[in-house]
Amino acid sequence: MKDEQVEHSDLLRNHPPANIPLKRFDGQRVNDETAGTRRALAGFTLALVMTAGLAGLLLHQGWISWPFRGADSILVTWSRIPVYAPVLMFALISLFWPRHAGLPIREWFVWKRVTPIFFAGLGVSIGYSLYLFYTSPFPLKSAGFVPPALVMGLMNAVSEEVLFRLIFMQLLAAAWGSRPRANLIQAAVYALPHLLIGGPVFFFMALAYGLLLGRITLSAGSIFPAMICHFIIDIGAIGLPLLINVD
């Protein structure tokens with residue numbers, strides 16, 4: 001009996017428990033997943049920078065017109081939509097990157113819960129749009145200009161929320177393990193074009209709003225609440241320039 005116990009003890013010393021290789025395998029799998037997520041983050045960031053640079057070049061050279069500029073006719077206003085459509089297409093195609101990284105996508109399109117910060121976002125969005133309309137010195141055009149203005153605002157809201165709050169923020173959080181840091185970075189990148197459009201004040205306003213939309217998305221576990229807030233603020237920020245009569 002003693003000899004059997006000695007042999008069993010020797011066997012354990014010479015052959016470690018089976019869970020040790022399993023732990024090493026799991027650790028390697030986690031490292032591989034993190035590396036894959038970071039590669040997806042790098043790929044998406046590069047694609048975003050290149051696309052933004054191309055759009056800036058086309059605008060600067062005058063090969064395309066600024067899509068959010070008002071027009072004299074309803075038909076020309078509707079023609080602004082195909083100019084902006086590639087941005088929405090790019091956002092939807094970019095869903096490839098989180099899918100490539102193995103991150104969930106479908107669940108972000110399901111509204112799971114309503115949180116207090118969503119109502120704070122609604123208040124900010126409604127208040128800012130009303131402020132823009134109230135302080136505008138120009139009369140509004142006819143009601144026929146409203147539908148294309150709303151479509152443009154909706155396209156912008158969907159595109160930017162998919163790009164920044166769904167794809168970019170989730171890739172950042174998965175790659176670096178920090179949701180607050182991911183929210184700050186995505187908000188800063190989101191605000192950069194606003195710096196070129198409206199200067200430092202507009203940049204910091206967009207930065208604060210991007211942080212708010214990020215918190216709304218994280219707290220709700222869904223992209224829809226941020227889309228709603230963004231669409232409402234775009235009624236003023238994007239819809240108003242298409243609706244005012246400056247002549």
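F68 is buried, because its relative accessibility is 12%; buried means under 20% relative accessible area, exposed over 50%, and partly exposed in between, with a 1.4 Å probe and protein chains only. This is a predicted model, in which local features need pLDDT of at least 70 and side-chain atom pairs count only at pLDDT 80 or more, while totals for chains, interfaces and linings use all residues. Residues are numbered from 1 along each chain as its sequence is written, and side-chain values use heavy atoms, with hydrogens and water left out.

Start with the rings. The structure holds 10 aromatic pairs. Rings of Phe, Tyr and Trp (its six-membered ring) pair if their centres lie within 6.5 Å; planes under 30 degrees apart count as stacked, over 60 as edge-to-face and the rest as tilted. One of the pairs joins F68 to W66, edge-to-face, at 5.4 Å centre to centre and 90° between the planes. W66 has 31% relative accessibility, so it counts as partly exposed.

W111 is partly exposed because its relative accessibility is 33%. F118 is buried, at 8%.

Two packed helices are described by the angle between their axes and the distance between the axes. Helix α6 (residues 116-135) and helix α9 (residues 224-237) have axes that come within 7 Å and cross at roughly 10°. Axes are lines fitted to C-alpha atoms, for helices over the stretch in contact, and angles run from 0 to 180 degrees between N-to-C directions. α6 and α9 are therefore roughly parallel, a label for angles under 35 degrees. On the α6 side, the contact (heavy atoms within 4.5 Å) includes F118, L122, I126 and F133. On the α9 side, P225, I228, I232 and A237 are among the residues involved. The contact residues divide into 13 nonpolar, four polar and no charged. Here Ala, Val, Leu, Ile, Met, Phe, Trp, Tyr, Cys and Pro count as nonpolar, Asp, Glu, Lys and Arg as charged, and the others, Gly among them, as polar.

Now the whole protein. There are 10 helices and zero strands, taken as DSSP runs numbered from the N terminus (helices H or I, at least four residues; strands E, at least two). Of the 247 residues, 39% count as buried. Among contacts between residues at least 6 apart in sequence, 79% join residues at least 24 apart.

Note on methods: Parallel < 35°, antiparallel > 145°, perpendicular 65-115°, else oblique.
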